[in-house]
Amino acid sequence: MEKRRSLMRHSYLKGKEVSPCAKFTLFFLNLLFWACGGIAIGIGAYALVLQKTQLDLATLITNPGVWFLVVGTVMFFVGFFGSIGALRENKCMLKTYGYMVLVIVILEIGVGVAAFLLQDEFVSQTKEVMIKAIKQYHTTNSQTDLDDSVEVVQMTLECCGAERPRDWLDNNRYFNCTRELFSEVLSSCGVPPSCCRSNGQTDSQCGYKVFAYVGMSPEERDKYSNIDNRTDIIYSTGCGDAALKWVKDNYLLVGGIALGVLIVELVVIFMSCHLVDQINYLLDMI
């Protein structure tokens with residue numbers, strides 16, 4: 001009876017071979033994933049080489065090159081096991097691949113649920129990471145890709161600083177507003193250009209000296225003493241709150257992308273299990 005059920009369940013297997021459709025679909029999907037992982041590793045390694053700075057634990061979390069390396073390595077190994085396992089019809093590699101993707105799915109769901117339930121913590125962590133990036137911006141330990149990432153985030157989200165624009169004055173010596181730096185450093189008493197409201201114009205120094213207290217009259221100093229009120233020139237929203245607002249405003253897009261990724265992951269898990277089942281059946285026939 002059990003043998004008859006097995007024959008009926010695998011009646012579509014012809015010529016004693018696994019389903020070519022499942023095999024090569026899984027192979028090409030993971031070949032693409034494998035290639036993307038290799039490219040990400042290359043980008044990360046190249047970025048770290050260009051930085052020519054010694055990495056420490058304090059800067060790892062804000063270093064885009066490190067993130068490219070980590071994500072690329074995961075993608076590389078997952079794609080390797082999936083593509084080679086499918087092509088060679090290797091049960092061990094296919095099972096390992098299925099378990100790896102399952103772990104990734106569980107982690108993604110966990111992160112998504114945690115981010116939804118702990119929104120305040122999400123904003124707090126975002127601000128903390130942004131503060132670390134601000135401290136390293138244009139310093140001797142600065143990385144070009146980190147500086148570029150900060151500028152892209154501020155321009156895209158239309159924000160300035162972690163919690164408020166004053167974060168730049170409080171956490172980066174080149175934007176600090178002191179009399180000693182005012183005449184020596186062009187950017188003192190200001191914020192990066194990415195904080196500026198462009199209004200269709202590009203000015204690489206638009207944020208410099210925007211809050212130049214030195215030399216102001218008492219009336220002028222009182223008027224411009226609060227950097228967060230200069231909304232006519234710079235963005236006043238911190239990037240932590242701006243990031244949360246962007247997610248809320250684009251929840252359909254974010255949810256759609258997350259759902260699409262989840263469906264693809266579940267499909268490849270099913271396909272890998274399906275191939276293992278077919279391989280087991282064919283081995284029993286030998």
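The torsion about the S-S bond of Cys-159 and Cys-239 is about 85°, so this disulfide is right-handed; a disulfide is taken here as a pair of cysteine sulfur atoms within 2.5 Å. The pair links distant parts of the chain, with Cys-159 in the loop between α7 (144-157) and α8 (167-171) and Cys-239 in helix α11, 80 residues apart. The model is a predicted one, in which local features need pLDDT of at least 70 and side-chain atom pairs count only at pLDDT 80 or more, while totals for chains, interfaces and linings use all residues. Residues are numbered from 1 along each chain as its sequence is written, and side-chain values use heavy atoms, with hydrogens and water left out.

**Disulfides and other cysteines**

- The structure holds 2 disulfides, one of which joins Cys-159 to Cys-239 with an S to S distance of 2.1 Å.
- Cys-159 is buried, with a relative accessible area of 0%, and Cys-239 is buried as well, with a relative accessible area of 3%; buried means under 20% relative accessible area, exposed means over 50%, and partly exposed covers the range in between, for a 1.4 Å probe and protein chains only.
- Cys-160 and Cys-195 also form a disulfide, their sulfur atoms lying 2.1 Å apart, and with 85° about the S-S bond this link is right-handed.
- Cys-92, by contrast, is exposed, with a relative accessible area of 54%, and Cys-273 counts as partly exposed at 49% relative accessibility.

**Overall architecture**

- The protein has 12 helices and 0 strands, where helices (H or I, at least four residues) and strands (E, at least two) are DSSP runs numbered from the N terminus.
- Buried residues make up 35% of the 286 residues in the protein.
- Among contacts between residues at least 6 apart in sequence, 68% join residues at least 24 apart, a contact being heavy atoms within 4.5 Å.
- The protein exposes about 17200 Å², of which carbon and sulfur atoms supply 64%; accessible areas come from the Shrake-Rupley method with a 1.4 Å probe, and for residues only the protein chains shown count as cover.

**Helix α4**

- Helix α4 (residues 64-88) has 25 residues and reaches 35 Å from its first C-alpha to its last, close to the 36 Å expected at 1.5 Å a residue; the expected span is 1.5 Å times one less than the number of residues.
- The buried residues of α4 include the glycines Gly-65, Gly-72, Gly-79, Gly-82 and Gly-85, and among them are also Pro-64, Val-66, Met-75, Val-78, Ser-83 and Ala-86.
- Just after α4, Glu-89 takes a positive phi of about 55°.

**Nonpolar surface patch**

- Trp-246, Val-247, Leu-253, Val-254, Ile-257 and Val-261 form a nonpolar patch on the surface, with about 480 Å² of accessible area together.
- Patches are made of residues with over 30% relative accessible area and no salt bridge, like charges being joined within 9 Å and nonpolar side chains (Val, Leu, Ile, Met, Phe, Trp, Tyr) within 5 Å; a salt bridge is a side-chain nitrogen of Lys or Arg within 4 Å of a carboxyl oxygen of Asp or Glu.
- Helices α11 (239-249) and α12 (251-285) each supply at least two residues of this patch, and α12 gives the most, with 4 residues.
- Ile-257 lies in helix α12 and counts as exposed at 51% relative accessibility.

- Lys-135 is found in helix α6 (residues 119-136) and is partly exposed, with a relative accessible area of 48%.
- Not counting residues up to four places away in sequence, Lys-135 touches Asn-171 and Asn-172, while the C-alpha atoms of Lys-135 and Tyr-174, 39 residues apart along the chain, are separated by 9.8 Å.
- Ser-188 lies in the loop between α9 and α10 and is buried, with a relative accessible area of 0%.
- The C-alpha atoms of Ser-188 and Arg-173, 15 residues apart along the chain, are separated by 7.8 Å.
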